[in-house]
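Subject: Two-chain model for you to look at

Hi,

Here is the model I promised to pass on. Please open it alongside this message, and my notes follow below.

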Amino acid sequence: MPHPLYRGAAIAGVDESDQIGNVPNKTSLQLHAEAAMNALADAGIDKSEVDGVATAGVSPMQTAEYLGIVPRYTDGTSVGGSSFVIHVGHALEAISDGRASVVLITHGEGHMGGGRRGPGGPDPSNLAGQYEAPFGVLGPPYAYSLAAMRHMALYGTTKEQLAQIAVQTRQWASMNPKALMRDPITVEDVFNSRLISYPFNLLDCCLVTDAGGACVVVSPERARSIKKKPVWVLGIGEAHDHSMISQMPDLTRTAAQYSGPAAMGMAGVTHGEIDLAMIYDSFTYTVLVTLESLGFCKQGEGGAFVSNGRLGPGGALPTNTNGGGLSYTHSGMYGMFLLLEATRQLRSECGQRQVPDCRIALVNGTGGSLSSTGTLVLAAD
Amino acid sequence: MTTQPPYAKPIPLITPENERFWQGCKAHELWLRFCNACAKPYYYPRDICPICGARDVTWKQMSGKGTLHTFAIVHRAPTPAFREDVPFITAIVDLDEGPRMMTNLVGIAPDPAKITVGMPVEVTFEDITEQISLPKFRPAAYP
């Protein structure tokens, strides 16, 4: 018997803000709002129909007021880059309960006015500020490189295998006109880029861009009369198992070990049925450890798994076909853009980079210091 | 007479909850929270045991010995104040008593070929202000 919430909601529309990349003249809130209107247009739904708002980064109250929306369902879950993936799961639950029928999920981050999130200030409640920042662990590259080194030491994973992820992701980016970095790269290019925090070179790290993105989730009833084909939510999962990287129970296994089986179990799909994987790539290592944690390969075998072109164009597991946070865009909490690409692939809108016969996509967002995860299984109509 | 420039890197804030830990560090001793109910030490200092939830918690001095859980070598300074330090080694250490701490590995070259995950380390303290000494680790003298 299928899970009671199986196919309980659909993604009706997605889009970016008007511009992404370097957008110095727009506030983060503007990027939220532009993307929201673009996603509603993609769905063919007027904003007057929106009865649920979910957002992270800014308060949902700001987004709703800016757009003149009075929601009866609100989700301000803010657990880093995975937040928007988790919002989809929550929206499905609210829709299934009859509390909402059109939920607008928004993201936007820009550097205008120095608005980029920086390291925490002197707040005694900021644990990382208290117990990690004094040692120079102030931000994602520093935290994630410590986890990557543990994997290399335990399992013999190499820098070259990590670099292979950046190379394959760039191959996809070269086919996405919206990607910021489109010139092909080699493993040597990764090695020759400047060191950030060993074992990470610059090209092991995601971009830092200005961008907005939005996603409209609707009830099965409302999905019948949208502009394009709906993308169905088959399974949802979420988890987090620490805040600071030093307190992560196992640096080589993320909470996707919980959110993944939850989503795949609800969806009733196996790994072999996944046509597209959209895996948060804040760093090359994030992809490797997430694929392992989701069970695409055994713990420790990710290095071999990601090599030999498996993730790239023509590979057995097309992954991050938009070019990812590594090469397309990464505005801070990137998870929203996983939803955009999965939806577009499942609607066969991706042109040159379209994955043939793409029916089922797995989306996995990661937030914090490898802390939180949200997993979705999505399917074409 | 020369004046020292002010310490510009992040400085932990002392609160009633963590004060004993920082007092220990100031004395160059590593004192961690210890749960009387489940008989385990834990880090970072909290008034509620994260293992069993008990509030019957005390303080215990640790041996200061441990092993290197992982490390990284910072080349791009996270803030301008760290520029004079790069390259430096960030590290996570497993204390022999169990808890895991973020720290810096000092007293060894920042060369990945010379540093081994699992190597024995011991605590050493860096006095950064009148109140705060940071617990750092160096290769153990006698493994």
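Which residue in β8(B) stands opposite B:E122? It is B:R138. Before the rest, a word on how to read the notes: this is a predicted model, in which local features need pLDDT of at least 70 and side-chain atom pairs count only at pLDDT 80 or more, while totals for chains, interfaces and linings use all residues. Residues are numbered from 1 along each chain as its sequence is written, chains are lettered from A and ligands numbered from 1 in the order in which they are written, and side-chain values use heavy atoms, with hydrogens and water left out.

**Where the chains meet**

In the interface, 31 residues of chain A are in contact with 36 residues of chain B (contact means heavy atoms within 4.5 Å). The area buried between chain A and chain B is about 2900 Å², with 66% coming from carbon and sulfur atoms; buried area is the accessible area (1.4 Å probe) that two parts lose on being put together, summed over both. A:Y131, A:F135 and A:L146 supply 25% of what chain A buries against chain B, more than any other three residues.

The count of salt bridges between chain A and chain B is zero (a side-chain nitrogen of Lys or Arg within 4 Å of a carboxyl oxygen of Asp or Glu). Polar contacts do turn up: eleven residue pairs across the interface, both residues at pLDDT 80 or more. A polar contact is a pair of N or O atoms within 3.5 Å; within protein, one must be able to donate a hydrogen and the other to accept it, and residues adjacent in sequence count only if both atoms are side-chain atoms.

On the chain A side, α4 (127-131), α5 (140-155) and β5 (195-198) each supply at least two residues, and α5(A) gives the most, with six. Helices (H or I, at least four residues) and strands (E, at least two) are DSSP runs, numbered from the N terminus.

Strands take part as well: β5(A) is joined to β4(B) (residues 65-74) by two bridges, running antiparallel, and A:Y198 stands opposite B:I73. Two strands pair if DSSP finds at least two bridges between them.

**Within chain B**

β4(B) also pairs with β7(B) (residues 120-127), antiparallel and over three bridges, with B:T67 and B:P120 as bridge partners. Seven bridges then link β7(B) to β8(B) (residues 133-139), again antiparallel, and a hairpin of five residues joins these two strands.

Chain B has an open antiparallel sheet of three strands in the order β2-β1-β3. Its edges are β2 (40-42) and β3 (57-61), each with a single partner strand, so one side of each is left without a neighbour in the sheet.

**Within chain A**

Here you will find a nine-stranded open sheet with mixed pairing, in the order β3-β2-β4-β7-β1-β8-β11-β10-β9. β3 (73-75) and β9 (276-279) are the edge strands, and the twist averages 20° from one strand to the next. Helix α1(A) (residues 28-43) packs on this sheet, touching β1, β2, β4 and β7, and makes about 130° with β1(A). For the angles, axes are lines fitted to C-alpha atoms, for helices over the stretch in contact, and the values run from 0 to 180 degrees between N-to-C directions. Nine bridges join β8(A) to β11(A), antiparallel, with A:A239 partnered by A:T373.

Happy viewing!
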